[in-house]
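Please work through the exercises below with the sequence and the model open side by side.

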Amino acid sequence: PDLVLLDLNMKGIDGLETLRRLKQTELKSRYVVLTVSDAEEDLLEALKSGADGYLLKDMEPEDLRSNLVKAALGVTVLQDSLTEVLKKALIEPDTKTTAADVNLTDRETEILDCLAEGMNNKNIARKLGISDTTVKVHIKNILRKLNLTSRLEAAVWRHQNR
């Protein structure tokens, strides 16, 4: 095949081990991880293992198609929301705020938990009975307090600081 899509969570051996094994063969395919995991360590491990791309399953179908076409043509693809996570992980690994440094409100903590579950603003608003605009304001405050730049980074931070 020209293009192989792998999930991190697969029955039997996981996607990263599958990727490592495939990279050791003579197969001249491009390998893209398509997963729900936006965790920094999963992203970094996939790239270290030889992935030619890392995309999240919640992306728009048109964006997924576009990225898969690019990957098949030899371009390394990375979901836009993961670029800042990758940059910070590689360049500034020790600048993250620790749990002890943060003073989040109860509502901000609820929203951070929702982000860590991969929920979008509309679903968070529905779950908590507030408006999309209110969710955006809370996310902006969370990012400021955590010294982060994206909701994905906030989700990763939450998983690392439970």
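## Exercise 1: How α6 packs on α7

Task: determine which residues of α6 and α7 meet, and how the two helices are oriented.

Solution. Start with the contact itself, where Asn121, Lys122, Ile124 and Ala125 of α6 meet Asp132, Val135, Lys136 and Ile139 of α7, contact meaning heavy atoms within 4.5 Å. By type, the residues of this contact of α6 with α7 divide into four nonpolar, one polar and three charged; here Ala, Val, Leu, Ile, Met, Phe, Trp, Tyr, Cys and Pro count as nonpolar, Asp, Glu, Lys and Arg as charged, and the others, Gly among them, as polar.

Next comes the geometry, for which two packed helices are described by the angle between their axes and the distance between the axes. The axes of α6 and α7 come within 8 Å and cross at roughly 105 degrees. That makes α6 roughly perpendicular to α7, a term for angles of 65 to 115 degrees, whereas those under 35 count as roughly parallel, those over 145 as roughly antiparallel and the rest as oblique. The axes are lines fitted to C-alpha atoms, for helices over the stretch in contact, and the angles run from 0 to 180 degrees between N-to-C directions.

Before going on, note that this is a predicted model, in which local features need pLDDT of at least 70 and side-chain atom pairs count only at pLDDT 80 or more, while totals for chains, interfaces and linings use all residues. Residues are numbered from 1 along each chain as its sequence is written, and side-chain values use heavy atoms, with hydrogens and water left out.

## Exercise 2: The two faces and the ends of α6

Task: find which residues of α6 are buried and which are exposed, and describe what lies at the ends of the helix.

Solution. First, the buried residues of α6 (residues 121-128) are Asn121, Ile124, Ala125 and Leu128. Seen down the axis of α6, these buried residues fall within an arc of 100 degrees, so they line one face of the helix; the arc is that of the directions from the helix axis to the C-beta atoms. Buried means under 20% relative accessible area, exposed over 50%, and partly exposed in between (1.4 Å probe, protein chains only).

Second, the face of α6 turned away from the buried side carries the exposed residues Arg126 and Lys127. The cover over the buried residues of α6 includes α5 (106-116), α7 (132-146) and α8 (151-160).

Third, look at the ends. Asn120 caps the N-terminal end of α6, with a side-chain oxygen 3.2 Å from the backbone nitrogen of Lys122. After α6 comes Gly129, whose phi is positive, near 70 degrees.

## Exercise 3: The surroundings of Arg30

Task: is Arg30 buried or exposed, and which backbone oxygens does its side chain reach?

Solution. Arg30 lies in strand β2 (residues 30-35) and is buried, with a relative accessible area of 18%. Its side chain reaches the backbone oxygen of Ala71 at 2.9 Å and that of Gly74 at 3.2 Å. Leaving aside residues up to four places away in sequence, Arg30 touches Asp2, Leu3, Val4, Asp52, Ala71, Gly74, Val75 and Thr76.

## Exercise 4: The chain as a whole

Task: how many helices and strands does the protein chain have, and in what order do they run?

Solution. The protein chain has eight helices and four strands, where helices (H or I, at least four residues) and strands (E, at least two) are DSSP runs numbered from the N terminus. From the N terminus on, the order is β-α-β-α-β-α-β-α-α-α-α-α. Finally, buried residues make up 43% of the 162 residues, and the C-alpha trace spans about 55 × 35 × 30 Å along its principal axes.

Terms used. A polar contact is a pair of N or O atoms within 3.5 Å; within protein, one must be able to donate a hydrogen and the other to accept it, and residues adjacent in sequence count only if both atoms are side-chain atoms.
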